[in-house]
Amino acid sequence: YGLPITTRSREAVDWYNRGVHGLLGFRSDASDCFLKALDLDPEFNMARSHLGMVYFTEESAPMIAKAQECFKQSCVGLDAVTDRERDVLETVLMWAQGKGREALERMQAALKARPCEATLLQRLYFIYFMQGGADTMLKMMEAVLPAYQDDSYILGMYSFALEETRNFAKAFELGHKARALNPEDIWALH
């Protein structure tokens, strides 16, 4: 998504990018992609944090514990990462530690400053969904949509928010557009 990333390995970045798309699309290989990135660079903080995001979505106590450990480990050695990465890593750790209000505010600020933070966008989207905030989900997606050039995951999330706010015709249209871009897009399929 064009954001700065810190790693010693170009190949690790490739695996990380695959993992991000896997995370956004709920693909079963997302954790494998982040693990391959970490094999290539064990100090790749963002890959470790995003691996934790994958574990966290499984919602079982053992996986949440694994996720929290990933988030903690990803915040070691923050002097070697960019300010943007530090913000993401600390925000995700804060969220996992149950500091929801603070994490929510940091996610909102991050997306305002950097709309292409797709994984933070997805985390915030989940929070709003769990709170029953369909209107807030829709407003958030409308605000960031210009930053994404025909990205199936973002279009799919937007389509889902439209469906949740009962704008079925537009949801259907954008869902089909997202599926045409990526037939495996889970949001568009829904």
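Phenylalanine 26 lies in the loop between H1 and H2; helices are DSSP runs of H or I with at least four residues, numbered from the N terminus. The model is predicted, so local features need pLDDT of at least 70 and side-chain atom pairs count only at pLDDT 80 or more, while totals for chains, interfaces and linings use all residues. Residues are numbered from 1 along each chain as its sequence is written, and side-chain values use heavy atoms, with hydrogens and water left out.

**Exercise 1.** Determine whether phenylalanine 26 is buried, partly exposed or exposed, and describe its phi.

*Solution.* Step 1: buried means under 20% relative accessible area, exposed over 50%, and partly exposed in between (1.4 Å probe, protein chains only). Step 2: phenylalanine 26 has a relative accessibility of 41%, so it counts as partly exposed. Step 3: its phi is positive, about 55°, although phenylalanine 26 is not a glycine. Most residues other than glycine have a negative phi.

**Exercise 2.** Identify the buried residues of H2 and explain how they are arranged around the helix.

*Solution.* Step 1: in H2 (residues 30-40), the buried residues are Ala30, Ser31, Cys33, Phe34, Ala37 and Leu38. Step 2: down the axis of H2, these residues fall within an arc of 160°, so they line one face of the helix; the arc is that of the directions from the helix axis to the C-beta atoms. Step 3: the buried residues of H2 pack against helix H1 (10-24) and helix H3 (45-57), where contact means heavy atoms within 4.5 Å.

**Exercise 3.** Locate leucine 89 and state whether it is buried or exposed.

*Solution.* Step 1: leucine 89 belongs to helix H5 (residues 83-96). Step 2: its relative accessible area is 0%, so leucine 89 is buried.

Terms used:
Helix = DSSP H or I, 4+ residues; strand = E, 2+ residues; numbered from the N terminus.
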